[in-house]
Amino acid sequence: MSAGTTTSVRLVDCGKTFPDGTKALEPTSIEIAGGETVVLLGPSGCGKTTMLRIIAGLEQPDDGGAVLFNDDDVTAVPIEKRNVGMVFQSYALFPNMSVADNIAYGLRVRKHDGAQVRTRVDEMMEMMDIADLGARSIDQLSGGQRQRVALARAIAVQPRILLLDEPLTALDALLRERLRVEIDGLLRGLGITAVYVTHDQSEALALGDRIFVMSNGQIAQTGTPREIYHAPANAFVADFVGTVNRLIGTVRKSGVDLGGRPVRIDGVSAPAGTEVELLFRPEDADIVSLKEADFSGKVQTSFFLGSRTRLVLTAANGQPVIIDSSGRESFAIDQEIGVRIRPEGVRIE
Ligand SMILES: Nc1ncnc2c1ncn2[C@@H]1O[C@H](COP(=O)(O)OP(=O)(O)O)[C@@H](O)[C@H]1O
Ligand SMILES: [Mg+2]
């Protein structure tokens, strides 16, 4: 691949209002460093694809918005001159062409000579582990193989930036996980600047150097996967990225009252009598004896998930609580279970 030059991406005040009046993106400014992998994460309809298309040049931002690659203003530069590679959920391959011809397409458009094209196509097929499929037509491939071809085609032309829009969504769970690991390795190996769109939090956590969580045409939070997961900026992010318990309790002198012995939590500054919300993730609570417990709850349901068992408890004041235990323990419905929350895992709102 091309030697160490990477391309940073900057959007300055980029909003998007479609002709029908839909405001898909509020004016947004972001910076992506050269070589960085940023994941745009958010629910369907929040504006991820729109932002990606603005970076690609498939969509113009509203007046006042600018797109910069390094220090070049590319706002008015059409997609074919921006040198970006794109991979979509729907593959968008040419069905009447062989695998090799699909991968060669961009190189031929750019008028590389035949020998160069063949070398590069072989290299790409090798990299994507599809070397024996070159002569196949696209409709003879599985979904996973198609997506490898799409990736190979996008990378073959050595784009400055790789844009991926839910590339794994159409694949089954096992394949998705495998290809995700491969894409991760690929992006790191290439050192390319990449923007990866997904609504799948586990994909985002695994792939992103940073995650931009989006909601309603806006960025709700940017941060590393650990920052987003452990220090969500607000309830939307906490809910969207992982599972979170939210228990309403009342502040007492000795802690927060959830309908049992008050839970001692550092840093509760609200005066006694105030209602607060305790937020914690299932893995930040442990099952302990009733004597050691912060509070207890009755098992309402339990799901065996193989590596762990997820329990839904009903706390004394009636609120549901989700707790994970190791996969080896089993629990009876209505059994009373003691729960202790790890202090470092609690947030109070
Ligand atoms: N061409 C368009 N015309 C009108 N509305 C659009 C168009 N494309 C997308 N939208 C709307 O803009 C919003 C954001 O869409 P999109 O960026 O595709 O979201 P996401 O990729 O996060 O699912 C949605 O409400 C969608 O319906
Ligand atoms: Mg989309």
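Reader: What percentage of the residues of the protein chain count as buried?

Author: Of the 349 residues, 47% count as buried. Buried means under 20% relative accessible area, exposed over 50%, and partly exposed in between, with a 1.4 Å probe and protein chains only.

Reader: What should I know about the model itself?

Author: It is a predicted model, where local features need pLDDT of at least 70, side-chain atom pairs count only at pLDDT 80 or more, and totals for chains, interfaces and linings use all residues. Residues are numbered from 1 along each chain as its sequence is written, chains are lettered from A and ligands numbered from 1 in the order in which they are written, and side-chain values use heavy atoms, with hydrogens and water left out.

Reader: How many helices and strands are there in the protein chain?

Author: The chain has 9 helices and 19 strands. These are DSSP runs numbered from the N terminus: helices are H or I with at least four residues, strands are E with at least two.

Reader: Which domains does the assignment give?

Author: Domain 1 covers 9-240 and domain 2 covers 245-348. The bounds come from an automatic or database domain assignment. Taken over C-alpha atoms, the two centres are 40 Å apart. Where they meet, 7 residues of domain 1 are in contact with 4 residues of domain 2. Contact means heavy atoms within 4.5 Å.

Reader: On to the ligand. Which residues surround ligand 1?

Author: The shell holds Phe-18, Asp-20, Thr-22, Ala-24, Pro-43, Ser-44, Gly-45, Cys-46, Gly-47, Lys-48, Thr-49 and Thr-50. To be near the ligand, a residue needs one heavy atom within 4 Å of it.

Reader: How does that shell divide into nonpolar, polar and charged?

Author: There are 4 nonpolar, 6 polar and 2 charged residues. Ala, Val, Leu, Ile, Met, Phe, Trp, Tyr, Cys and Pro count as nonpolar, Asp, Glu, Lys and Arg as charged, and the others, Gly among them, as polar.

Reader: Which N or O atoms lie 2.6 Å from an oxygen atom of ligand 1?

Author: One is a backbone N or O atom of Gly-45, at 2.6 Å. Another is in the side chain of Thr-50, also listed at 2.6 Å from a ligand oxygen. A side-chain N or O atom of Thr-49 lies 2.8 Å from an oxygen of the ligand. A polar contact is a pair of N or O atoms within 3.5 Å; within protein, one must be able to donate a hydrogen and the other to accept it, and residues adjacent in sequence count only if both atoms are side-chain atoms. On its own, ligand 1 has 570 Å² of accessible area, and the protein covers 62% of that. Accessible areas use the Shrake-Rupley method with a 1.4 Å probe; for residues, only the protein chains shown count as cover.

Reader: Which helix gives the most to that shell?

Author: Helix 1, residues 48-56, with 3 residues.

Reader: Why is helix 1 largely enclosed?

Author: Helix 1 is largely enclosed by the rest of the structure because 7 of its 9 residues are buried. Those are Lys-48, Thr-50, Met-51, Leu-52, Ile-54, Ile-55 and Ala-56. Just after the helix, Gly-57 takes a positive phi of about 95°.

Reader: Which residues does Thr-28 touch?

Author: Skipping residues up to four places away in sequence, Thr-28 touches Leu-11, Val-12, Asp-13, Cys-14, Gly-15, Met-51, Gly-217 and Ile-219. Met-51 is also one of the buried residues of helix 1. Thr-28 sits in strand 2, residues 23-32. Its relative accessibility is 7%, so it counts as buried.

Reader: New spot. Is Asp-257 buried or exposed?

Author: Asp-257 counts as buried, at 19% relative accessibility. It belongs to strand 12, residues 255-257. Its side chain makes a polar contact with the side chain of Arg-252, at 3.1 Å.

Reader: And where is Thr-169 found?

Author: Thr-169 is in the loop between strand 7 (161-165) and helix 6 (173-190). It is partly exposed, with a relative accessible area of 26%. Its side chain makes a polar contact with the side chain of Glu-166, at 2.9 Å.

Reader: Last one. What is the phi of Lys-111?

Author: Near 65°, a positive value in a residue other than glycine. Most residues other than glycine have a negative phi. Lys-111 lies in the loop between helix 3 (99-109) and helix 4 (114-127), and at 72% relative accessibility it counts as exposed.
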